[in-house]
Amino acid sequence: LQRTAEGYGVMEIPLAGTATPREVAGARGLSELRRGPDGRYFGRTVKDSRIVALDRGPIPDVRIGPYDTWAVGQGGIYVFVVRGAYPPAVWLHGWSGPPRKLREVGGGGDIGIAADGRALFSQYYDEQVDLGLFDLASR
């Protein structure tokens, strides 16, 4: 994403040759990008926080709140709805059918997709931050 005085635009940089950035046609006005497991790219619009596919293919109608997080998986678009919902919940907007609530959670956080396609999310229970370090050495 490139931010200019005119707003945001998606730029593509070739991996070979001169590596001169060029704007992706039809991809202006996005504030976030995510890559789906099939290589497609999706963005969040600045104007109305709607999720769109950069290839303009059909996707579910998904709008993201200011504190919500989202990720794209094989089953559809996962959204961690934090504000305006009590308790916060993880929703799946599948490629077909209505959205469905996967799970209510105890606090806000981030969402991602594991290699096996499952949704991963973190939870914040209070304003403190705890860090953990795991030693993954074999014995």
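**Notebook: an all-strand predicted model**

I began with confidence: the protein has a mean pLDDT of 82, and 84% of its residues reach 70 or more. pLDDT is the predictor's confidence in each residue, on a scale from 0 to 100. This is a predicted model, so I kept to its rules: local features need pLDDT of at least 70, side-chain atom pairs count only at pLDDT 80 or more, and totals for chains, interfaces and linings use all residues. Residues are numbered from 1 along each chain as its sequence is written, and side-chain values use heavy atoms, with hydrogens and water left out.

**Entry: overall make-up**

I looked up the secondary structure and found zero helices and twelve strands. Helices (H or I, at least four residues) and strands (E, at least two) are DSSP runs, numbered from the N terminus. Among the elements, strand β1 (residues 2-4) has the lowest mean pLDDT, 78. The highest, 94, belongs to β6.

I then checked burial. Of the 139 residues, 31% count as buried. Buried means under 20% relative accessible area, exposed over 50%, and partly exposed in between (1.4 Å probe, protein chains only). The protein exposes about 9800 Å², and carbon and sulfur atoms supply 52% of that area. These areas come from the Shrake-Rupley method with a 1.4 Å probe; for residues, only the protein chains shown count as cover.

I also looked at contacts, meaning heavy atoms within 4.5 Å. Residues 24 or more positions apart account for 23% of the contacts with a separation of 6 or more.

**Entry: the four-stranded sheet**

I traced an open sheet of four strands in the order β7-β8-β9-β10, with antiparallel pairing. Its edge strands are β7 and β10 (100-104), each pairing on one side only. The twist averages 20° from one strand to the next. Axes here are lines fitted to C-alpha atoms, for helices over the stretch in contact, and angles run from 0 to 180 degrees between N-to-C directions. Two strands pair if DSSP finds at least two bridges between them. Five bridges join β7 to strand β8 (residues 76-81), and the two run antiparallel. I noted G73 standing opposite G76 in β8.

**Entry: F42**

I picked F42, which sits in strand β5. F42 counts as buried because its relative accessibility is 1%. Beyond residues up to four places away in sequence, F42 touches a list including L33, I51, V52, L54, I59, W70, V72 and W95. I took V72 for a distance: F42 and V72 are 30 residues apart in sequence and 8.0 Å apart in space, C-alpha to C-alpha.

**Entry: salt bridges**

I used the rule of a side-chain nitrogen of Lys or Arg within 4 Å of a carboxyl oxygen of Asp or Glu. The count comes to ten salt bridges.

I looked at E12 and R22, whose closest N and O atoms are 2.6 Å apart. This pair links distant parts of the chain: E12 lies in strand β2 (residues 7-12) and R22 in strand β3 (residues 22-28), ten residues apart. E12 is partly exposed, at 36% relative accessible area.

D55 and R40 also meet in a salt bridge, 2.9 Å from N to O. D55 is in the loop between β6 (51-53) and β7 (69-73), and R40 in the loop between β4 (30-35) and β5 (41-45), 15 residues apart. D55 is partly exposed at 46% relative accessibility.

For D61 and R63, the closest N and O atoms are 3.9 Å apart. D61 counts as exposed at 57%, whereas R63 is partly exposed at 47%. D48, R50, D61 and R63 are linked in a network of salt bridges.
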